[in-house]
Amino acid sequence: LMAPVPAPQPLLEALQSVQATAGRSGTGFQLTFTLGKLSPLQIMLAVGALDPMITRVVVIATMGGIPNVIADGVVTQHAVVPSNEPGQSTLTLTGDDLSVLMDVVQIQIPWPAMPDFARVNAILAKYAMFGITPTVLPSPVVTVRIPTEGYDLQTDTDLTYIKDLARLSGYTFYIDPGPPPLQRIAHFAPDV
């Protein structure tokens with residue numbers, strides 16, 4: 001995954017529109033650029049600089065001198081719409097928040113003698129390098145299985161497993177962008 005860097009001037013000049021969606025199910029974005037034959041975007045596409053799952057996008061709007069993160073995620077697909085008219089071809093980058101990275105690899109891992117909130121914290125620790133900070137609230141009733149009686153087993157992706165734990169506890173799990181750029185807050189808390 002490439003680290004986000006400020007967009008180069010030619011990229012900003014080619015930007016036509018920015019759309020962002022936000023909700024508890026996640027945030028997403030869509031960026032549309034004009035794409036000419038000699039556009040630097042052609043080179044970026046050719047070398048893989050805009051490829052899905054490795055290109056991170058952070059959309060920041062500065063209001064009153066204060067940066068506000070609108071979206072922070074990875075490109076999940078890109079589409080080129082060619083046109084016979086000069087300067088009318090477009091490139092659209094579509095993406096989702098960083099939780100998409102948690103839904104890539106299905107793993108099997110035992111979790112002996114650990115309550116739900118400890119498992120969630122342990123899983124989220126793997127994503128600290130992406131600026132994800134966990135805010136995990138323990139359930140009002142914490143139960144832990146004694147290892148001699150068995151253990152909990154994760155057999156899904158990290159995202160699916162955490163969402164299943166949240167659902168079983170009456171909690172919700174989601175990732176909020178910001179407030180500071182390049183930092184995300186992962187919430188595991190009661191569903192209110």
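In what sense do β9 and β10 pair, and over how many bridges? The two strands pair in the antiparallel sense over seven bridges, where pairing requires that DSSP finds at least two bridges between two strands. The model is a predicted one, in which local features need pLDDT of at least 70 and side-chain atom pairs count only at pLDDT 80 or more, whereas totals for chains, interfaces and linings use all residues. Residues are numbered from 1 along each chain as its sequence is written, and side-chain values use heavy atoms, with hydrogens and water left out.

The protein contains four helices and ten strands, arranged along the sequence in the pattern α-β-β-α-β-β-β-β-α-β-β-α-β-β. These elements are DSSP runs numbered from the N terminus, helices being H or I with at least four residues and strands E with at least two. The C-alpha trace spans about 70 × 40 × 25 Å along its principal axes. Of the 192 residues, 38% count as buried; this term denotes under 20% relative accessible area, with exposed meaning over 50% and partly exposed in between (1.4 Å probe, protein chains only). The accessible surface comes to about 10700 Å², and 59% of it belongs to carbon and sulfur atoms, as computed by the Shrake-Rupley method with a 1.4 Å probe. Among contacts (heavy atoms within 4.5 Å) between residues at least 6 apart in sequence, 59% join residues at least 24 apart.

Strands β9 and β10 form a hairpin with six residues between them, and Gly-178 in the turn has a positive phi of about 75°. Five of the seven residues of β9 are buried, so this strand is largely enclosed by the rest of the structure. A search of the whole structure finds one aromatic pair. The pair is formed by Tyr-171 and Phe-188 and is tilted, at 5.2 Å centre to centre and with 50° between the planes. Rings of Phe, Tyr and Trp (its six-membered ring) are counted as a pair if their centres lie within 6.5 Å; planes under 30 degrees apart are stacked, those over 60 edge-to-face and the rest tilted. Tyr-171 lies in β9 (residues 171-177) and Phe-188 in β10 (residues 184-190), so the pair ties together parts that are 17 residues apart in sequence.

β5 runs antiparallel to β2, to which seven bridges join it, and Thr-34 stands opposite Thr-90 in β5. It is also joined by eight bridges to β4 (residues 66-81), again in an antiparallel arrangement; here the bridge partner of Ala-79 is Thr-92. Thr-32, found in β2 (residues 28-34), is buried with a relative accessible area of 14%. Leaving aside neighbours within four places in sequence, the contacts of Thr-32 include Thr-90, Leu-91 and Thr-92, as well as Ala-14 and Leu-15.

Met-44 is placed in helix α2 (residues 40-46). Beyond its neighbours within four places in sequence, Met-44 is in contact with Leu-11, Ala-49 and Leu-50. Met-44 and Glu-85 are 41 residues apart in sequence, and their C-alpha atoms are 22 Å apart in space.
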